[in-house]
Amino acid sequence: MKNIILIIGQNKVNDFFKKSIDIYKSRNDINKIILVTWQNESIDYIKKYSDITTILVPQIKFDLNIKYQKHLYDIGIKYICNNYKNDEIYVLKTRMDVIISNEQLNFIFNQNYKLDNGDELFPYKLWIPWVHITCPFYNEDCCFYSNLLTMKNMSPYTDKLFTWAGHSNIRWFINLARKFDLYNDETLYNNYEQMKTLFPLNKINRDILIKYRNCVKSMFIINSVDNGVIFRHYNNNNFYKKPSNQLIDIVNNQYQSNLKIVYNNEDFNTIIKLIN
């Protein structure tokens with residue numbers, strides 16, 4: 001088993017970038033660090049490390065922010081696929097402005113990701129820091145981890161699905177939305193972004209949430225230790241405190257004070273199973 005760190009994006013917080021590199025370099029269970037970023041980014045800190053692979057990409061214009069991320073991600077994944085043939089390659093996708101603590105990395109690297117009933121697209125589960133309770137795939141996507149065989153199938157450019165996927169986070173997991181048949185009409189993804197705030201708990205939305213629960217239970221390992229992922233304020237485990245285990249209470253809470261986030265599988269399952 002080999003762990004590869006794939007860092008993509010812009011150097012928005014240089015101190016975070018330097019701290020994250022220091023953490024990765026201090027560990028014996030990380031086999032390779034690969035940075036894919038734009039040609040004009042400041043990366044002076046890693047020039048002293050000859051063993052870090054750096055891929056500098058010419059600037060390009062896209063109409064959506066997620067496409068910048070996906071462009072760099074695809075380049076990184078292609079590099080890994082071309083240079084590592086063993087199926088025991090695991091990839092942690094992260095960003096230059098994200099710090100993942102040693103304690104969090106210990107958890108990530110010591111889980112069983114193999115699916116007994118996995119298919120060609122998703123033979124392994126994914127680790128993510130948190131998930132949204134009521135808005136499918138409105139999950140933390142600054143970092144996630146799995147076997148290369150799963151990671152290379154994230155966020156495909158398939159017909160119009162990528163364009164019509166709605167909020168940007170869902171685009172990373174669009175193949176899972178299809179695999180679990182979450183939505184009856186694939187042209188209406190944008191309609192379901194409202195499920196992160198207030199929405200009617202009607203039959204359509206209940207059915208979506210039931211399928212989403214099955215997807216999360218099958219495919220995701222959710223875990224954030226205290227200060228495990230330092231990125232934005234809602235990565236703090238104390239940011240979200242659910243009002244109850246009743247789904248209707250969670251749905252009716254205001255978005256501004258309640259992002260409806262959970263940081264482990266147990267908390268997610270306790271809530272969502274009440275809709276069955």
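Setting aside anything within four places in sequence, Met 219 is in contact with Leu 115, Phe 122, Tyr 124, Lys 125, Leu 126, Leu 176, Lys 179 and Phe 180. Keep in mind that we're looking at a predicted model. Met 219 belongs to helix 7, which covers residues 203-219. Buried or exposed, then, for Met 219? Buried, because its relative accessibility is 2%. And take Phe 122 from that contact list: Met 219 and Phe 122 are 97 residues apart in sequence, yet C-alpha to C-alpha they're 8.3 Å apart in space.

Let me zoom out for a second. The chain has 276 residues, and 54% of them are buried. You'll find 9 helices and 11 strands in the chain. If you take the contacts with a separation of 6 or more, 71% of them are between residues 24 or more positions apart. As for the surface, the chain exposes about 12,600 Å², with carbon and sulfur atoms supplying 45% of that.

Nonpolar side chains tend to be buried together in soluble globular proteins. Here, the largest nonpolar core has 60 residues, and the ones with the most contacts inside it are Tyr 73, Phe 137, Leu 176 and Phe 220. Which element gives the most to this core? That would be helix 7, with 6 residues. Leu 176 we've met already, as one of the contacts of Met 219. Leu 176 also touches Phe 220, whose other contacts beyond four places in sequence are Leu 126, Ile 128, Phe 137, Asn 139, Phe 173, Cys 215 and Asn 265. There's a second core as well, separate, with 30 residues, including Ile 5, Ile 21, Ile 23 and Leu 92.

Next up, Tyr 73. You'll find Tyr 73 in helix 2, and Tyr 73 counts as buried because its relative accessibility is 1%. Leaving out neighbours within four places, the contacts of Tyr 73 are Leu 6, Ile 8, Lys 93, Phe 144, Met 151, Lys 152, Met 154 and Trp 172.

How many aromatic pairs does a search of the whole structure find? It finds 16. One of them is Tyr 73 with Phe 144, a tilted pair at 6.3 Å centre to centre and 55° between the planes. That pair links distant parts of the chain, Tyr 73 in helix 2 (residues 65-83) and Phe 144 in strand 8 (residues 144-147), 71 residues apart. Phe 144 is buried too, since its relative accessible area is 0%.

Then Phe 144 pairs with Trp 172. Why do we call this pair edge-to-face? The ring centres are 5.4 Å apart and the planes are at 65°, so Phe 144 and Trp 172 come out as edge-to-face; the cut-off is over 60 degrees. This one links distant parts of the chain as well, strand 8 for Phe 144 and helix 5 (residues 168-172) for Trp 172, 28 residues apart. Trp 172 is buried, because its relative accessible area is 1%.

A quick stop at helix 3, residues 102-109. In helix 3, the buried residues include Gln 104, Leu 105, Ile 108 and Phe 109. These four are on the same side of helix 3, because they cover an arc of only 125° around the axis.

The structure holds 0 disulfides. Cys 81 is partly exposed, because its relative accessibility is 24%. Cys 143 is in no disulfide, and its nearest cysteine sulfur, that of Cys 142, is 3.6 Å away. Cys 143 counts as buried because its relative accessible area is 0%.

Conventions: Residues are numbered from 1 along each chain as its sequence is written. This is a predicted model: local features need pLDDT of at least 70, side-chain atom pairs count only at pLDDT 80 or more; totals for chains, interfaces and linings use all residues. Side-chain values use heavy atoms; hydrogens and water are left out. Helices (H or I, at least four residues) and strands (E, at least two) are DSSP runs, numbered from the N terminus. Buried means under 20% relative accessible area, exposed over 50%, partly exposed in between (1.4 Å probe, protein chains only). Contact means heavy atoms within 4.5 Å. Accessible areas come from the Shrake-Rupley method with a 1.4 Å probe; for residues, only the protein chains shown count as cover. The arc is that of the directions from the helix axis to the C-beta atoms. Rings of Phe, Tyr and Trp (its six-membered ring) pair if their centres lie within 6.5 Å; planes under 30 degrees apart count as stacked, over 60 as edge-to-face and the rest as tilted. A nonpolar core is a set of buried Ala, Val, Leu, Ile, Met, Phe, Trp, Tyr and Cys residues joined through side-chain atoms within 4.5 Å. A disulfide is a pair of cysteine sulfur atoms within 2.5 Å.
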